[in-house]
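Let's take a walk through a protein chain together, one stop at a time. Keep the picture open as you read, and try to find each spot as we get to it.

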Amino acid sequence: MSDEVKEVVDENAHSGPLATPEDFTPPDELYNDLIEKLKFYHPSDDFSMIEKAYHMADKAHEGQKRKSGEPYIIHPLCVAIILAELEMDKETIAAGLLHDVIEDTSMTKGDVAREFSDEVALLVDGVTKLTQLNLTQDKLEIQAENLRKMFIAMAKDIRVIIIKLADRMHNLRTLQYQSPAKQQEKARETMEIYAPLAHRLGISKIKVELDDLCMQYLYPEVYKELTTKIREMMMERENFIQEMVSEVKEYIQHAEIDAEINGRVKHVFSIYKKMRTQNKTIDQIYDVFALRIIVNNVRDCYAALGMIHAKYKPIPGRFKDYIAMPKTNMYQSLHTTVIGHGGRPFEIQFRTKEMHRTAEYGIAAHWKYKEGGSRAVSKEEEKLNWLREILEWQKNTVDNHEFLKALKTDLDLFQDQVYVFTPAGDVKSLPSGSTPIDLAYLIHTAVGNTMVGARVNGIMVPIETTLKSGDRVEIITSQNSKGPSMDWLKVVKSSQAKSKINQWFRQEHKTDNIQKGKNALEDYCKNKAIDLTALLTSEYMNSCLRKYNFSDWDSLMAAVGHGGIKEGQIVNRLIEIKDKAENPNRNNEDVLAELKDGRGRFEIPKGGIKVRGIKDVAVRFSKCCSPVPGDEIVGFITRGRGISIHRSDCVNIICMDEADRTRLIEAEWEEGSGDEQETTEYMTEINIYTVDRQGIIYDVSKVFNEANINIKGINSRASKQGKITISLQFAVKSKNQLAVLSARLRKIKGIIDIERNTGS
């Protein structure tokens, strides 16, 4: 194989974090590398700001080490180098060097502003505020608020998220120094949020590496097998590839088109995703290897395409014009698949140099440099309209369950697009699978709410018809419309449409929801023998409203009525507020004394628990993490509800505010808890991640039946990637019994991973 093709293969087949020697390169050498990269593209030769930021970061992080044992300053240096590879401005590079100083050192935002500028300080502060972003499947309140915060930060200055992406990429490159659990958590978090964000921003240079790095930890065996197959395939097709490259070069030169021709190997995760979604083998993926023809202008793109189609037979249906119809992340190219020698399909892409730069760097490619302090993005800033749309619909999405579901599964941000035309000839981009209803709400909320029909390509169609790219769609409205139907929520694809439909029903049914919420509160208190009247004072209610960020009590009750907030949350918050108001001087020791003396109304645990050495103290087991004997546990002293026992790795404990941490107390299982002869059982919950295949539920149930464990609850949900998540609730005697059960489940064909819930 030629050096040219070898270089392409090596560049795209990432060999993993262990193959990054830069992690142990001396800081000064890395800094020199950073300056060389800056000199390559930056119009200024004054890098005093970068030098100052480096020395300040080096001093601030002095004595700090990473888990690998290397000096901490290496991390911000590597982040800055990634930003320089994206050809970002000096302020962004400086902020990359300083991105951890506010969080990890004594330096403040004001210090950064004084030493540099308000612009750099805002970037550093923006990245710092995103550091605690928690995107696991639990802790809804924290997830939702941090995600909302991230989009707001992006809207203020998109460079904040670009720095964060660079930070995440270097952390993944050095993920081998973390525990297996942390590796899985960070990889899944990156795959769900950060990689799709990089894709939507068009930064393929980051996106493809994030995908492949994540895959190494989430699906290590699959990654290794695919990498091996790709290398074998490239060796097998070496002669064919070289013939195609030589022929295409000759044809392009003969046509007198000034062009740069190179190859690219599709990155591993992209191949894996295509194999899964299209149910194909790797031999059936036509674009594992593709030629790129990079020319000077758009006219030459089409000229080169015509010349190639004249020389090779194109495969019908395999031509895509992303120049006339760009992707939402600004990507532009012409794609065609032709029949090469021996009848082998072969993909060729055509793009201009500017298009290639945009494909690699996305929004970062359009950053303009202006000496003197001001920065501005070109007209491509209009491409961030999707971000402003997210900010708009998230304001109307109070329910955090709805918000997170929309973001992770339905949000336009992470979907393929279809392009349709309005009667006026305007092009509208919608998520794949969208209907005329989605288009109506994209045009305007009032259009969606008054929609009564649609014409597609001049023909009346049902409003739930799936739209295809190129369709000409006319929305028919009527002022006599009764408004949207609940059934619409089952067919629309865009989060914007779902949010606006839900908003209409919340407003329309607000009175009913208020009453439902009040009834739910009364029923809850009645079942728990709680005096609700004593809790509903203006003082306690106002404090509760501030906690949940509602303007009035009816709005909070409406949220309870439509299921956005659980009534138990409200009642428990009111109890805590009341207890704090009535007993302002009550401390942790007082609560412990009451428990020891048997005072108060608290649940008695089924098994023995010691709290600071006190046996059989009255506590309750937290349902968010469901501890069982053998788990490391900790107690939390609540006001009014005694002590709740959590696992030490519970998300609620890990993400707890510093003020609440003072209420944590040592707790342990009493000797003998969880022994096989014990009859006491403890509820727990696991999530099983598996491929979608017939009989998987049966096989899982069979393992539980053989272990004589009764399943108390089961729920399954499918993803668009062909994966199934099975959530199971059941009772066990100990952590050891749970481990044996998990080991048996892992032997089932198709099981990808099993994990316990760590909080909710």
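Start with something you won't find: a search through the whole structure turns up zero disulfides. Keep in mind that you're looking at a predicted model. There are cysteines to look at, though. Cys-544 is buried, with a relative accessible area of 0%. Cys-625 is buried too, at 2%.

Now zoom out for a moment. The chain has 33 helices and 22 strands. Of its 760 residues, 52% are buried. And how do the contacts run along the sequence? If you take contacts between residues at least 6 apart in sequence, 69% of them join residues at least 24 apart.

H24 covers residues 510-527, which makes 18 residues. Which residues of H24 are buried? They're Asn-513, Ile-514, Gly-517, Leu-521 and Cys-525. Look down the axis of H24 and you'll see that its buried residues fall within an arc of 105 degrees, so they line one face of the helix. Here's the background to that pattern: an α-helix has 3.6 residues a turn, so residues three or four places apart point the same way.

What covers the buried residues, then? The cover includes H23, helix H25 (532-535), helix H27 (553-561) and helix H28 (567-582). After H24 comes Ala-529, whose phi is positive, near 55 degrees.

While you're in this part of the chain, have a look at Gln-507, which belongs to helix H23 (residues 495-508). Gln-507 counts as exposed because its relative accessible area is 60%, and the cut-off for exposed is over 50%. The C-alpha atoms of Gln-507 and Ala-558 are separated by 9.5 Å, though the two residues are 51 apart along the chain.

Next up, the aromatic rings. The count comes to ten aromatic pairs. Take Tyr-219 and Tyr-272: their ring centres are 5.4 Å apart and their planes meet at 40 degrees, so this pair is tilted. The pair links distant parts of the chain, 53 residues apart, with Tyr-219 in the loop between helix H12 (204-218) and helix H13 (220-236), and Tyr-272 in helix H15 (residues 268-278). Are these two buried or exposed? Tyr-219 counts as buried at 19% relative accessibility, and Tyr-272 is buried at 10%. Ring pairs also bring in Phe-269, giving a cluster of Tyr-219, Phe-269 and Tyr-272.

Rings can have charged neighbours as well. Lys-52 lies over the face of Phe-116, 5.3 Å from the ring centre. Over at Tyr-689, the charged end of Arg-188 sits above the ring, 5.0 Å from its centre.

Our last stop is Tyr-331, in the loop between strand E4 (320-321) and strand E5 (334-339). Tyr-331 is buried, with a relative accessible area of 14%. What does Tyr-331 touch, leaving aside residues up to four places away in sequence? The answer is Tyr-322, Pro-326, Gln-349, Arg-351 and Ala-359. Tyr-331 and Ile-203 are 128 residues apart along the chain, and their C-alpha atoms are separated by 9.6 Å.

Terms used
Residues numbered from 1 in each chain as written. Predicted model: local features only at pLDDT ≥ 70, side-chain atom pairs only at ≥ 80, totals over all residues. Heavy atoms only, no water. Phe/Tyr/Trp six-rings, centres within 6.5 Å; stacked < 30°, edge-to-face > 60°. Helix = DSSP H or I, 4+ residues; strand = E, 2+ residues; numbered from the N terminus. Buried < 20%, exposed > 50% of the residue type's maximum accessible area, 1.4 Å probe, protein only. Lys NZ or Arg CZ within 6 Å of the ring centre and 35° of its normal. Disulfide = S-S within 2.5 Å. Expected span 1.5 Å × (residues − 1). Arc of directions from axis to C-beta. Contact = heavy atoms within 4.5 Å.
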